[in-house]
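I set out to record what I looked up in this structure, entry by entry. The notes begin with helices packed on a sheet and end with single residues.

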Amino acid sequence: MEKEKILNDACDHFRALVSEQLDRAEKLKNREILDYEKLDRIIIGFCGGDGIGPIITHEAMRVLEELLKDRINAGKVELRPIEGLTIENRKAVGKAIPDDTLSEIKKCHVILKGPTETPHGTGMESANVAMRRELDLYANVRPVKVPEENIDWTFFRENTEGEYVLGSRGFDVPDTLAFDFKVTTDEGTRRIARAAFEFARKTGKTNVSVVTKANIMKKTDAKFSAICREIAKDYPGITVDDWYIDIMTANLLNKNRRSQFQVFVLPNLYGDIITDEAAEIGGGVGTAGSANIGDRYAMFEAIHGSAPRMIERGHGAYANPASIMRAGVLMLNHIGFTSEADRLSSALDKCTTGSGKVIMTGRPDGATAKEFAEAVMKEM
Ligand code: NAD
């Protein structure tokens with residue numbers, strides 16, 4: 001292809017992207033934050049998802065029904081099952097989230113979501129990526145605790161920008177070269193930084209670590225880091241330090257250092273990678289949930305996937321619902337139901353450790369999801 005033509009195509013492509021991103025940045029300036037305390041009734045939506053999703057979500061809903069029964073009877077809380085977020089439906093309509101399901105989701109305030117399958121090679125967008133965008137869930141929050149090592153980390157991963165916002169909109173010249181784009185907006189960084197510092201303030205944490213690759217990504221990451229430091233000025237009791245992602249991945253493996261870290265704030269891609277590393281250190285499946293938080297909506301889910309092979313083997317009933325129930329704890333804290341959150345959290349601790357541990361193997365030689373839920377309700 002002639003060089004002049006490639007340059008013109010590239011300029012047109014880049015111009016369209018910049019224009020679109022300027023519009024997005026402008027929209028971010030008008031924030032309206034929902035105050036749950038002012039609501040007469042909080043609607044909690046439950047989306048089962050795929051594979052083991054409906055099984056574990058159903059058990060989580062039963063546990064929450066029991067835990068919140070007084071508030072439900074008083075009409076202050078509604079638990080609302082939402083149908084349709086299944087791979088069969090999504091394939092049939094060719095959309096990551098079918099329109100009618102999305103409009104039901106938008107009638108709720110918070111969502112507890114089962115894992116959703118993303119088929120390889122179909123080009124279909126992941127339901128999670130679509131939900132983060134549609135509900136503007138900009139903060140992915142993941143706690144990781146290892147009490148015996150004094151590890152108590154909370155990760156705030158920016159969830160809507162960076163490498164992901166234009167992930168399928170790169171530019172390539174066949175057989176020659178390829179570009180991808182990474183975009184951060186100042187407001188996008190401010191809101192994730194503020195979420196991390198607010199969390200640190202509310203929970204009595206004394207340090208926030210900003211993790212980037214600002215020595216290489218000199219526009220996006222350097223600005224991310226500078227904006228986090230600006231926000232930090234509003235939180236005088238909280239110290240802030242800066243790290244590069246490469247050394248931080250090593251720090252998390254260093255048993256002499258890792259317990260010193262408390263709260264992390266990171267751009268999207270680094271957050272994606274390091275939260276999986278941290279979850280593994282924290283004990284993997286069952287040990288934690290994940291929160292996706294925006295100004296108007298919030299979605300909570302397990303950290304694992306839909307385990308399709310468990311279903312193929314006929315072992316779905318033996319899926320471990322602990323991770324989605326931990327997501328339930330995050331949800332209860334988020335809407336301000338802290339005493340119920342503590343009750344569920346300590347019941348889960350009792351059912352996953354020590355002498356009261358319910359043995360979950362994922363096979364018929366272990367307990368079922370239903371039996372696990374019953375043990376949790378007994379402990380509550
Ligand atoms: P996976 O988490 O589904 O499975 C990994 C392994 O962990 C498997 O051996 C599985 O049997 C086991 N496992 C997972 N959850 C379990 C549970 N609750 N109880 C017992 N065992 C459990 O990961 P994968 O195989 O990479 O992904 C399968 C599908 O899930 C893919 O389509 C992927 O896109 C999707 N996925 C969805 C989410 C989400 O919705 N948040 C997250 C990750 C993966």
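**Helices across the sheet.** I looked up helix α6 (residues 127–134) and found that it lies across β3, β5 (151–158), β11 (289–293) and β12 (298–302). Its direction makes an angle of about 160° with β12; axes are lines fitted to C-alpha atoms, for helices over the stretch in contact, and angles run from 0 to 180 degrees between N-to-C directions. Contact means heavy atoms within 4.5 Å. I then turned to helix α10 (residues 268–281), which lies across β4 (139–146), β5, β8 (207–212) and β10 (263–266). Helix α10 runs at about 155° to β5.

**Basis of the entries.** I note that this is a predicted model, in which local features need pLDDT of at least 70 and side-chain atom pairs count only at pLDDT 80 or more, while totals for chains, interfaces and linings use all residues. Residues are numbered from 1 along each chain as its sequence is written, and side-chain values use heavy atoms, with hydrogens and water left out.

**The sheet.** In what order do the strands of the open sheet stand? I read the order of its 10 strands as β2-β1-β3-β12-β11-β4-β5-β10-β8-β9, with mixed pairing. β2 (77–82) and β9 (239–244) are at the edges with a single partner strand each, so one side of each has no neighbour in the sheet. From one strand to the next, the twist averages 20°. Two strands pair if DSSP finds at least two bridges between them. Within β3, I111 is the residue opposite G45. In general, strands of a sheet pair through backbone hydrogen bonds, either parallel or antiparallel.

**The whole chain.** I counted 14 helices and 12 strands in the protein chain; helices (H or I, at least four residues) and strands (E, at least two) are DSSP runs, numbered from the N terminus. The radius of gyration is 22 Å, close to the 21 Å that the globule rule gives for 380 residues, so the protein chain is as compact as a globular protein of that length. This radius is taken over C-alpha atoms, and the rule is 2.2 Å times the number of residues to the power 0.38. The C-alpha trace spans about 70 × 55 × 45 Å along its principal axes. Of the 380 residues, 50% count as buried (under 20% relative accessible area; exposed is over 50%, partly exposed in between, with a 1.4 Å probe and protein chains only).

**Domains.** I found the chain divided into domain 1 (33–137 + 294–380) and domain 2 (146–154 + 178–282), with bounds from an automatic or database domain assignment. Their C-alpha centres lie 26 Å apart.

**Single residues.** Which residues does A317 contact, leaving aside its neighbours within four places in sequence? I found I55, T368 and A369. A317 and I55 are 262 residues apart along the chain, yet their C-alpha atoms are separated by 6.9 Å. A317 is in the loop between α11 (308–312) and α12 (322–334) and counts as partly exposed, at 40% relative accessibility.

I also looked up positive phi values. D136, in the loop between α6 and β4, is not a glycine but has a positive phi of about 50°. N150, in the loop between β4 and β5, has a phi near 65° and is likewise a residue other than glycine. Is each buried, partly exposed or exposed? D136 counts as partly exposed at 31% relative accessibility, whereas N150 counts as exposed at 59%.
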